[in-house]
There are 2 protein chains.
Amino acid sequence: MWGNAEKPLGLAVKALVRDERGAVLALRRSRTVHQFPQAWDLPGGTVEPGESFDAALLREIQEETGLQVALTGLAGAMEYEAPAARLAVLVLKARCTGGELRLSPEHDLFAWLPPTRLSSWDFRGQLGRFIADYCQRPA
Amino acid sequence: MWGNAEKPLGLAVKALVRDERGAVLALRRSRTVHQFPQAWDLPGGTVEPGESFDAALLREIQEETGLQVALTGLAGAMEYEAPAARLAVLVLKARCTGGELRLSPEHDLFAWLPPTRLSSWDFRGQLGRFIADYCQRPA
């Protein structure tokens, strides 16, 4: 539940990006980022005003990973109360279609997680609960 | 999973609008609407290009019901393959704050469903599965 109705609402997008073997890309946030340094995350970010959610997600994935992806479906949604906004976070499924993985300064480590390791990876907080729930759903 | 990658992606928004006793507003689609005539639905609609998801939802609720609401949280998301687009549907929680209920021509019947009746109401398809899943989650 969003605690503070005075905060603006925003939309964010993340993706479960899979490679050709079904492994999911996880990124570790750099020490220098303002929020959640060293936390494992999925690629994605905030939808800018006037931007569509899919364009925003493709832009963020390109910026953060150098990869091109195709969006293949919806994984779910979660909510998150950020310092300056209440965010609805839409999580999409994506398939890697090209590009070469290179991280931006926002992240310092990556991992391609086989499906069997996804549920035990060290995602935390809202994202940890989302991934745990996602892994329990029937495929 | 979205079957046809050639279709454009779109974003839609719906709301579980509650009254002061916690009842949820359901609307029945008119006989004359193109898609799903006579199906029970939640208020909401498509986010227009350049529009934010929360502005779109408040606009749709106002147009369809005459009610003012406050958005209080996220209920979840579902995906839907429409004839002309693949849609991600974000479902928000909302609290009725004012206005008087009057339906637009898009709907011909409404019901305020007490929490105990929500899971057994005649929602169908994707929305039926979403509501069933929502009602099973811990509050």
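This is a predicted model: local features need pLDDT of at least 70, side-chain atom pairs count only at pLDDT 80 or more; totals for chains, interfaces and linings use all residues.
1. Overall architecture. Chain A contains three helices and seven strands. Read from the N terminus, its elements follow the order β-β-β-β-α-β-β-β-α-α.

2. Dimensions. The C-alpha atoms of chain A occupy a box of roughly 45 × 30 × 30 Å along the principal axes.

3. Burial and contact range. Of the 139 residues in chain A, 34% are buried. When contacts in chain A between residues at least 6 apart in sequence are considered, 65% of them link residues at least 24 apart.

4. Geometry of helix α1. Helix α1 of chain A comprises the 13 residues 53-65. At 1.5 Å a residue it should span 18 Å, and the 18 Å separation of its end C-alpha atoms agrees with that expectation. After α1(A) comes A:Gly66, with a positive phi near 75°.

5. The buried side of α1. Which residues of α1(A) are buried? They are A:Phe53, A:Leu57, A:Leu58, A:Glu60, A:Ile61, A:Glu64 and A:Thr65. Because these residues cover an arc of only 165° around the axis, they lie on the same side of α1(A).

6. Contact between the chains. Chain A contributes 20 residues to the contact, and chain B contributes 20 residues. On the side of chain A that touches chain B, at least two residues come from each of β1 (9-18), α1, β5 (67-81) and β6 (86-99). The largest share, eight residues, is supplied by β5(A).

7. B:Ser30 and its surroundings. In chain B, the loop between β2 (24-29) and β3 (40-41) holds B:Ser30. Is B:Ser30 buried or partly exposed? It counts as partly exposed, because 15 C-beta neighbours lie inside 10 Å, whereas a buried residue would need 20 or more. Apart from neighbours within four places in sequence, B:Ser30 contacts B:Pro37, B:Pro105, B:Glu106, B:His107 and B:Asp108. B:Gly44 is 14 residues from B:Ser30 along the chain, and the C-alpha atoms of the two are 15 Å apart.

Methods. Residues are numbered from 1 along each chain as its sequence is written. Chains are lettered from A and ligands numbered from 1 in the order in which they are written. Helices (H or I, at least four residues) and strands (E, at least two) are DSSP runs, numbered from the N terminus. The expected span of a helix is 1.5 Å times one less than its number of residues. A residue is buried if 20 or more other C-beta atoms lie within 10 Å of its own, exposed if 12 or fewer, and partly exposed in between; C-beta atoms are placed from the backbone. The arc is that of the directions from the helix axis to the C-beta atoms. Two residues are in contact if their C-beta atoms, placed from the backbone, lie within 7 Å.
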